[in-house]
Amino acid sequence: MDPAGIYRTTYLDDMSIVRTKTQWTILISALILTVLAPFYLSKNLIDVMSLSCCILISTLGIQILTGYAGQISVGQAAFYGVGAYASAILVNDLGVPFIFSVFLSGLIAAAVGSAFGIPSLRLKGFYLVMATLAGQIIIIYLVSHMHFTGGMVGHKANYPSIGPLTFDTGPRLFWLNFSFLLLMTLMAKNIVRGRWGRAFIAVRDNDLAANVMGINVYRTKIFAFAVGCFFAGIGGSLAAHYTGMIHPTQFTLMDSIWYLGYIIIGGLSSITGCYFGVIFFVTIKEILTHLPVSAEMAQYILPITDVAFGVVIILILIFDPKGLNHRWELFKGYYRIWPLGYK
Amino acid sequence: MVDRTHKEKEGMSIDQLKTGIGDVPGHHGENWRLKTSPQLLVENAVMWRDKPALRKKRYGIWNTYSWQDYLDNVKYFSLGLISLGFKRNEKIVIVGDNDPEWWYCQMGAQSVGGVGVGVFIDCTPPEVKYFVQHSAATFAVAKDQEQCDKLLDIKHEILDVKKVIYWEPKGMRKYTDPWLIDFREVLQLGRQYEKSHPNAFEDMVKTGNVDDISCLAYTSGTTGLPKAAQLSYRTLIAWNYALWKYYPIYLGQDYFSFLCPAWAVDQILGFVGCLEQGLVVNFPESPSTVVEDAREISSVIELAGARMWEERYRNLFTRINDADWLKRTAYRVAMSIGRIYVERRQTNQLNLLCEALYKLADQLAFRSLRDRMGYVRSTVCLVAGAMMSPELFTFFQIVGIPLYTYYGITEAGFITMQQPGDIKRGSCGKVLPGREVKITGKENEVLVKADNAMMFSGYFRNEDATKSALQDGWYHTGDAGYIDHDGHFFFMDRISEMMALADGNKFSPTYIESELRCSQYIADAMVVGQGKDFVAALIQIDLKNVGQWAESKHIAYNTYVDLSQKAPVYELISLELKVINARIPERSRIKAFVNLHKEFDADEAEMTRTRKLRRAPLFEKYGEIIDGIYSEADMITVDTEVKYRDGRKGSVRAQVKAMRI
Amino acid sequence: MLLVIQNLEVVYNDVIWVLKGVSMEIPEKGMVCLLGANGAGKSTTLKAISGVLKLEWGEITGGFIEFDGKRINSLKPQEIAEMGIIQCFEGRRLFKHLTTEENLRMGGYLLTSNAEVRLRLEMVYHYFPRLVELRDRISGYLSGGEQQMMIIGRALMARPKIMLLDEPSLGLAPLMVKEILKVIQKINQEEQVAILLVEQNTKAALAITNYGFVMENGRTVLDGESEKLKVNEDIKEFYLGLTQIGSRKSFKDTKFYKRRKRWLA
Amino acid sequence: MNVLMQALLDGICIGAIYGLGAMGLVVIQKSSGVFNLAQGMLMMVGGFIAGSLSVNMSLPMWAAAVLCMLAMALIGLIINFLVMRPLAGESPFTQIMATVGLMSILYGIVMAIWGTLPYIYPTEIIPIENIEIGVVLLSPSYLNGLIIAVVACIVLSLYYRKSREGTAMRATSEDEELAASVGIRVTKVLQLTWIIGSICAGLAGILFGMLGSVNYMMGEIGLMAIIPVFVFGGLESFVGALLAGFIVGVVNMLAGTYLEVTFPGITNVVPLVLMLTILIFKPYGLFGEERIERV
């Protein structure tokens, strides 16, 4: 609901994401604050933020694939890995400049992803989940046993460098990852708002009806998988060059399931939902790992984090099944019509 | 939006207005162009070619028409009218909603030298017939199928109307009557006419004179048939000038037109005011979306009847009541601070603490309340028509909406107006410069004297009425009022409706009624007591609010009749009346009341189109109830005849209870 | 009175205020119809009676429902079903993957002895002979009419005192609708089962019921004997499509503007 | 030749154990439409409970098994009460995520209580010696697995096909609201489902443990093993689960004996590849029926 005094004279104006001056100021000040983060936040925190930027990009992908298109995939970590390995091989072995290798590895992951889209045409619900699960295991098996991916030993990936600039220090990496994150969020937002976004939602809600309406369900599902895995690929390649060393154990089935956790807790079918989900989990992880722990409790620390995680997920699912984003919308709605009870 | 600083140079004096000196085109306050509306339009189209002039909201988007589009449409429409045989000084009747087409038709007719006659859209066919016949209109413009049907019903009685033009073609395909013609066809005729007569339009507009009659504004006719006041361009410009003098207005600011142009307000502001100042006239998408659209535009000036402001207050109040605990307390705290602040400001004992507290209260509730109601950019809001209760007026003052009451009549425009800064509770402000007000006779009738620039040009085809009203320069308004020691004018009531109890004590029913309407549970009321020994009232409960109250008290009810006669509802209303009685002078307090079993409805000639009560027909229609109240009977069976919108008659039998307080 | 609803208020996930004061009375063995446009709250009223609102995050926030003198608005659906209030949902909802026989057995879930189950099965097949040869077919593959018959049969299995039928004529051919409504009337007379019939087909509903209620956005706005309702001005105009002169409304002269509805009971 | 025979027989027995685990999944899916990702962890918990009962408290194996089944019933009750009942009306998607939470909790609990040291069962549940058929040797733990799994399959399918409660469970999974309106105690049905599901998991856990040892890795490996069986079986039928178990068991053993040497670690990938190819041709698994969908 726009504030009073704002009227729209063109459709473009009416569709704008950022609608009023106040929203612009809030957005820009938030961006400046985050870009300046390396100067006032601890080094460790910056590293965590850089890595979570990559995870966020991949979560945007799974949000489009599962949140909007309704195709549940338990293989996001595998495609994330494909992106990582592809970029590492392209840069280190084939000498492709970093900037191309990022998008190339995104495309490679998208190609692999759409290959896994094919079974989704005839499968629904849990059978599809099983297909993607099989995909996850097979990809990780192949990756860890093929010679040119360095097998169980893992693969090196040097620091990203665009032209003369090499991003080797923490803050520089953070800025690179953060700018990619912004670019990808804008891309995701516009895909979701556009024609494809509506096709995704139609297929999610009722693919039979969507088919009758003239939406090529076959092409939409494939495209959904491709887009989802493209984002995963980009995220993966950035993460590869950030960590410098990639190893098959970094892309396990549990990571894929955590991606699902992020979008469910954050809120399905909403781009801001991914942000809520990832930020929420990263903070919880940070708090739990940095707990002041007495000596003899030390050996219990790992199980306790697992139990805590499980409890947190269940509590959120029970009290807020629609996710944090829904809670945020309610909060905004409540204060937009202050002091009235209803519009 | 062009942001011009407001220059404090003294504007044109009144006598300059008369003689027409100072024709230099300018903006606020410098000097006013004394021209007919079409001439102003031609000038504006030259000065501000593709700046926005009109906006119409369709499917959520405000389609903008530039001054050039405005001129083209008016030009081709007027040429079309000429080719259809429209001559100078002829009248064109327009009935419809606020649309750009209404502006084009009226301005088109005025460019030919004709006169626009606005008719309310919810008039029944007989009423439309009266307006068309009385104004001897030769052309009629109807908005859509519904209005065309009305005109077709009375076609045989208005034979001198050559053509009926409609601008909403929906559903009109099947109408083959040659009498009807589409607005776009008239434009087409205009284009062909222009080919054969190049710049005929420009010469025609030049011949226009500022003293020509621009439109006929029908008085609301609470007593007898409505009279048509002729308003010339000069008068309209003078009235505009009297209003805009105190407030900074800039080129390109928005004016929201939602009141039916049949009312004089939009003729003053919508047509002449906007042409003079270069304001953009914005039209709502449809009558039902006026509230949201008004909020989007947040018009610079808003002039509405007291009834409109009451409704806004009432539906705002219910929505605050329904809010949860946190919002309600925030609102109550802010209101208490606001009340103290306004009292202090009136007696100007403001101190810093009070200012700071008010700032806090403003952040707490008032800023968002203004945003919800859509008064973010309003420079001035005026309340007109029947009296508005002071209680309500202070509410809007507290919330920070620049609301001022004024007293004005169709025949003499704005007579007195409150100025920011010197506001007295319940007054209509001081007399505006260039006008004189005199109170005469035992009913202290208000007489107004102003030079003819600021007076209407007599009633159309009603010489004797003009004579009886205008005696040696003093216009007899027929309203009662008084001026207190420091020049503030207080409006009491129309003389014809002033009533006197059996013991001669006089009371003003409209004043009591406006106080009654202040309660959220009373939608409308009619006060009776002429020649009786105490004052009584027929109450029309507000279905929404009383319904909500009943639900919260788990009182089952089905229809309006059922709810209004419930005993607890009577208790509720009597409680409300006790509260209101405290604010009314002792002798004219309400002693008994009845909850009417049906709503007042303009269709049954119980109210005028501007929602004022028609007392004569109501007295005779509800005679049994009124006698019942005074005859100590507490149950009155009544069988009122009801007219459906499409003319069918039905009757409603109901048991109505009378109650003493 | 068998079933009394007084000023019922229902809210869905504590935001959407659906019912705002519904009051109805249904006599023993009465045949009552509930009319109203889509979204007037008819189905919600039925769900409130049969207590399944909780599963749809709906809750009764005001008023009460009394069956045989006992308050039932806070009971679980199972307890309400035990008391003999059986609902047939809108849109012919059934257990798609179970066979017809299994569906009917589920209807009689609360019956204790197998003998009684067989007895009532015979009764259902007596009313709906068509179901006999459909016993073992997966109910998902039955035709619309057959499904509707099976649903009413399933309701009959549970020894009902009152049956709440939600638009049984939805999507059925006119012939089938006549047949179904005739059977419902027969059940009401022979089995002494009260019927609360929610129906869009106003003409048919008023024909077979003796009392009717009209609902509009969450509130009962009008009630009366079916004969009285047939004659009411606004019912004729808005539900029966008859213009002032009582004849059938011809679509040739429909206006694109709509006349305001005025409930002047 | 006899190596092949040995592999086939062993495959069938191990497959039966996988089938039993899958049956637990089928019970929960059949009645509440939720695919329980925490089934592997439940099996591990069952295994450890039986382990500590038989090893630490040196109870006879069959007693430990019975007690473990009781404990699992209790665990199933708690899970249903704390997690599943509040989420009853939610979309299955959310409920699956809840099982992920459960998986993490159970893993944490096991690590906290039993740590990483494995347990080895002293004896089998049904004390029988080796049986030789011709040249092939059938060890007791394999036989145990086969017998218990077949018995469980018979009991469960009869229960679901014929009894009143069974049909009620199938009805509830289709339409909770409708089931409630007919008088079925929906909450009781859910509770019963999770109890049976957990008991199956417990039993499967013990039998799994017998093959090798009960260790903290069993949760993940268990899940990977029973998923292809569950999918082949078509989510809905117990017989399907058992037969699918045999197939997967055999494939696993064959892969183990022949392919393992050339591609290390292939054994747990082969069933998944097999599952993927099967799914493309038969989208509802070998024995599943087509879901009826009306728009």
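**Exercise 1. Determine whether Arg461(B) is buried or exposed, and where Arg461(B) lies.**

Solution. Begin with the accessibility classes, in which buried means under 20% relative accessible area, exposed means over 50%, and partly exposed is what falls in between (1.4 Å probe, protein chains only). Arg461(B) has a relative accessible area of 52%, so it is exposed. Next, place Arg461(B) in the chain: it lies in the loop between strand S18 (445-450) and helix H16 (463-469) of chain B, where helices (H or I, at least four residues) and strands (E, at least two) are DSSP runs numbered from the N terminus. Finally, inspect the backbone, where Arg461(B) has a positive phi of about 50° although it is not a glycine.

The model is predicted, so that local features need pLDDT of at least 70 and side-chain atom pairs count only at pLDDT 80 or more, while totals for chains, interfaces and linings use all residues. Residues are numbered from 1 along each chain as its sequence is written, chains are lettered from A and ligands numbered from 1 in the order in which they are written, and side-chain values use heavy atoms, with hydrogens and water left out.

**Exercise 2. In chain A, describe the backbone at Ser269(A) and the peptide bond between Trp338(A) and Pro339(A).**

Solution. The background is that most residues other than glycine have a negative phi, and most peptide bonds are trans. Ser269(A), although not a glycine, has a positive phi of about 45°; its place is in the loop between H11 and helix H12 (271-289) of chain A. With a relative accessible area of 28%, Ser269(A) is partly exposed. Turning to the peptide bond, Trp338(A) and Pro339(A) are joined in the cis form, with omega about -20°, and Pro339(A) lies in the segment after helix H14 (324-336) of chain A.

**Exercise 3. Explain why strand S25 (residues 535-541) of chain B is described as largely enclosed, and identify its pairing partners.**

Solution. First take burial: seven of the seven residues of S25(B) are buried, so the strand is largely enclosed by the rest of the structure. In a regular strand the side chains alternate between the two faces of the sheet. Both faces of S25(B) are covered, with Val535(B), Ala537(B), Ile539(B) and Ile541(B) buried on one side and Ala536(B), Leu538(B) and Gln540(B) buried on the other.

Next take pairing, which requires that DSSP finds at least two bridges between two strands. Strand S24 (residues 522-528) of chain B pairs with S25(B) in the antiparallel sense over six bridges, and Met526(B) stands opposite Leu538(B). These two strands form a hairpin with six residues between them, and Gly529(B) in the turn has a positive phi of about 155°. Strand S26 (residues 590-595) of chain B runs parallel to S25(B) and is joined to it by five bridges, with Asn595(B) as the bridge partner of Ile539(B).

**Exercise 4. Characterise the contact between chain A and chain D.**

Solution. Contact means heavy atoms within 4.5 Å, and of the four pairs of chains in contact, chains A and D share the most contacts. The contact takes 39 residues from chain A and 47 residues from chain D. About 3,800 Å² is buried between them, of which carbon and sulfur atoms give 82%; buried area is the accessible area (1.4 Å probe) that two parts lose on being put together, summed over both. As for salt bridges (a side-chain nitrogen of Lys or Arg within 4 Å of a carboxyl oxygen of Asp or Glu), the count between chain A and chain D is zero.
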